[in-house]
Structures are given as C-alpha cells and as structure tokens.
Amino acid sequence: MLPLATAAQMKELDRRAIEERGIPSLELMDRAAQGLAVHVREIVDKERSKCVAFSSAVIFARSKSDEKPTAEEKRQMKELEKIVTSKNRDKTPRVAIFCGPGNNGGDGIAAALYLGGYHVRVFLVGDRVKMTPDARAMEERLAASGGVLEDFTIDMTSQESLADTLSFEQQKITTWLSTCDCMVDALFGIGLTRPAEGPFLTAIRLMNGRSCPVVACDIPSGVHADTGEVLGEAVRAKATITFTRPKPGLYMGEGGACAGEVRVMDIGIPRDLEFELDRQGPSICAVDDSGSPLPRRPRTAHKGDFGKIFILGGSEGYTGAPVLAARAALRAGAGLVYLGVPRDIYPIVAVKCDESMPFPLPGEYAAVLEKARGCDVAVIGPGLGRAPETERLVLSLLADLDIPVVLDADGINALAGHIDILDKRSGPTVLTPHEGEFARLTGCSLPVKDRLSAARDFARDHGCILVLKGHGTVTAAPDGSACINASGNPGMAKGGSGDVLAGMVAALLGQRHLVQGRDSQRELVVARAVQLHGLAGDLCARKLGEYAMLPTDLIEALPEILSQYSE
C-alpha cells in the first residue's frame, strides 16, 4: 500500500516543514530538482538508444506561399535546416524545460542546474511578474551558472496555420524543440483547477506533439491532482516524478493515463509530519506492488476454512457469467463453491462446471435462503437478469442474509430505488459497480468526475465497501478510507472481467486466515482482490496482447500471480 496525499494535504505538509521545522523552502525545491534531473537522465539514456538520425526537412512558414521565396526567406530556411541537421553532428542530448511562474516552475528551473553536459533550454510560460520568490531565486542561480530563462510567448491555440502566427524567432524555437531528446513539464503542479489557455496550452500541445518523451514534475499539467480529471487538455507524460507522496489523480481516470510511470521522490519532509497527517483522518492509498504478500495457508486447514461460496446468477443468454465467477473463486482459493442458477439453464451450466457445484434454484424462497445461509460469502448478480421476480429475490436475500454479500451487475441494478435495504443490512456488503451501474444506483450524472469522493461518500453513507470499477478502481470503506488500484489495462474492458472480479472478492473474503474477523482487514482483502485481478490482466496483456486477451485468460493467469504474491 502506497500512501497518497491530496493537494491540500501536500500544501499543509510543505507549510509545516518550512514554518514549524525550519526547513528552507529553497532546500526542498533543490532536492526536488535534483531528483527530477536524475530521472530525466535515466529516461534520456534509455530513449536515445532507440533514436534514428534526423532528416534535413523542416517546416517553414511563409506569408505568401504562392510566390517564390525571397533571399531573406531562403536564408531563414537554411538557418532552420541547420538547427535540424546539427542534431546528426552533435549527439549531445537536448532537453527543453517548460516552467510556469509558480514553485513547480521553480523546480524545473533548478533542474536545469543539474543537467550539465546536456543542451538545455529553459522556457518561462506566463507572466514574470507572477513568479514566486523561490522561482526567482532559482532563476538567479541559473543566470549565475550561465543559463537563461527564455520567455515563451507563442500562442497557437486560436489560429489555424503557423504561417500567420509565428515569427522567425518563434519558428527557430519550435524547430529546436523538434530535435529534443526529452521535454520537462513544470508548468502548473498540483494547484491547477481550470483549463490551460494561451501559451500554456500551446506548450502542452507542443510537448504532446513531439515524439520525444515528456517528464512531468509532480503531476502532468492539465490534470486535477485530487480527481484525475483532465481540465481541457493535459500533458501525456512518459513518466511523472512526484514529490513526497503520489497524488490520487496520478492513478485515476484520464489523469492516470497521462501520468505514465509514477516515480516518488523524497525531498526531505519529516516523516513524523506524514504520520501525523495519516492520524488525522481516513487514509487514501494506492495498491501497488509494494504491499505484503498473501500469508501462508495454515498447514492444518481443511476446505471449510477457505470458505463456502454461494453464487446466485445466470439467466437465459447469460450462462457464462456465473460460471466465470465460480471458476475465479476457485482459482483464488475458495474451498467450496455452490452455484445456483435458474432451472431452465441448469443443464447448460452443469456441463461447464467441474470443480464448482451447480444446482437448479428451488422454487421456494426458504430453500434458497437456507442454502445461502449455509455458506460463508454470497455473490449475487452475475448474469442474473432484471426480471421482476429476480429482483424481488435479490432484495429478499439482502434483507435476510447476515453473511457477507458481494453484489455485482444485476444484483446492483436490483438495489436501485431500494437503497434502504442496503442501509438496514446486518452483514457486510461489497458492491462492485462500473460507472453506469453506479449512476443508476445513485442517480448521479455521467461521467463521474470525482470518482474518489463519490465512492468514499457512498461507502460512508451506506456502511458498505464500494468497488467503483474503472481506470484506477477505487475501493472505499465505511470509515472513509479508500484504496486506488494501480494495476490493470484496457484489455480487461470486456464482458466477463467483472464476473471474474466478483468471484475473486468472494473467495478472498471467505478465507478465514485472510480476514480474521476484523472489518478493517476485510476492506484490505477486497482491495487486494482488485489488485490481483489487475495483475492477472497485466500478465495476460504481456503474453497475449490487450486485443486478444479474454476473461477466461484472467482466471488462467491467477496461479502464476498468486504464486508470485504469496509467501
């Protein structure tokens, strides 16, 4: 588990480190710059091995394209060509750093001081008058070392062609940028709350429009640090070097897609301040590869100790969903899996099941309830359908069962308009909706812009564990804590993947040595199931590719993943 911090929390940590502990703000900025420069060098070294020689072709903007170029235009064209062709003669890496006037820009200015041996150009985007004192101090250091903070005033956001907008000096800048080995985004940092405009937006588009990698400083410009929402347009980074703690927006939604590889840099904030922050309220964390492995299974255990799972699912045309959930539960370690399906599809489902135990649902509700009560965890919903009698069955079981229930797919849909039943449940409930199901359940609009807050609020208000699926799946607990998943890929966006997850969640919840009867442990187990599900997807993507992988492949990948992440 990797602790996260919101923008407000990071600002408070910085303030306390500076004002209460006497750590100079320039010292923190200098450490951030050193770390940023180190990672830029690593990325440049890795990427330069893939580079090919530059051609001499350049784009030259002429005001009258129907006339022959003048002598001056020919001279200018040769000068631009010289910028490009010089790349073949001089192999020194070229790095462009785009800096805003705030402290994020100060990090970028200072990073140039640690990129000796490179051709580095540092551009100030925005008003010099708005530069923070620390950014100005770093500009002075840059000037003392012989460097220059160049003004970047190019605005191509409202024009259709370059010919009418770029001066020759601006063309020289854009031509030089086309030869860069790396660009650094130090425009905004974590304080951005509105879309970028003018030269800022131009800088973002230039960074995205070149083939070289982009390294973002703290968070890609244009991404909301707390929600992952892209505010207009955002930098698409190869890597993001974030300071002290990662921010939630680096893992969720479009922001997570823009961040690239997230690397965390310690800049000297006292650890006890971080611990105090964690004690102040519910925590937010990212579930990455740094967590502890699943514990060894007790040597004296029997199948009953690893959970009896009851699955209610399936309907005409949807016979695969409950079978996927059952297979996933068994692969994830469940001791016994009972699969109740409508009588008319039972013969089809029975043929597909070897290790799980399918049975046709009895006509009497009391018999269904008795079967479910004899198990440790229930999964309700995979492929269940939305017939009125089915929804009544779901609501009755929710009201009468006191065992943990994993509510998925049509089980969640049945709850819409009957949220009071969820509130009255005596047993733990885990809901696993995607955004569409969440919107139907809550009445919120799509897309859900602040997925983290929406999930935390719902879990807190209704006393459940909510797994809000999507890029950066959020697992939120009743106490307001939340985990954001860092694994998974677009190849998992296929029908059936959610059924696999539901079966895995139930399997881990049913294993006594994992849960140990504590609510907080139960919530961590659910987050771990989400992580392992994503890791299985990542393994399938490496072996099969994102286009070809199937939900059944996720199940087949579980043995390797569970072996790797177990004691």
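1. Angles between axes under 35 degrees count as roughly parallel, over 145 as roughly antiparallel, 65 to 115 as roughly perpendicular and the rest as oblique. Axes are lines fitted to C-alpha atoms, for helices over the stretch in contact, with angles from 0 to 180 degrees between N-to-C directions.

2. This is a predicted model, in which local features need pLDDT of at least 70 and side-chain atom pairs count only at pLDDT 80 or more, while totals for chains, interfaces and linings use all residues. Residues are numbered from 1 along each chain as its sequence is written, and side-chain values use heavy atoms, without hydrogens and water.

3. Helices (H or I, at least four residues) and strands (E, at least two) are DSSP runs, numbered from the N terminus. Helix α10 (residues 320-331) and helix α18 (residues 497-509) have axes that come within 7 Å and cross at roughly 40°; α10 and α18 are therefore oblique to each other.

4. On the α10 side, the contact (heavy atoms within 4.5 Å) is made by Ala 321, Leu 324, Ala 325, Ala 328 and Ala 329. Asp 499, Val 500, Gly 503, Met 504 and Ala 507 are the residues from α18.

5. Eleven strands form an open sheet with mixed pairing, ordered β1-β9-β18-β17-β16-β15-β14-β13-β10-β11-β12. Two strands pair if DSSP finds at least two bridges between them. The edge strands, β1 (2-3) and β12 (357-360), each pair on one side only.

6. β1 pairs with strand β9 (residues 284-287) in the antiparallel sense over two bridges. Cys 285 of β9 is the bridge partner of Pro 3.

7. Helix α17 (residues 451-462) lies across β9, β15 (429-431), β16 (465-468), β17 (474-476) and β18 (482-485), and runs at about 25° to β17.
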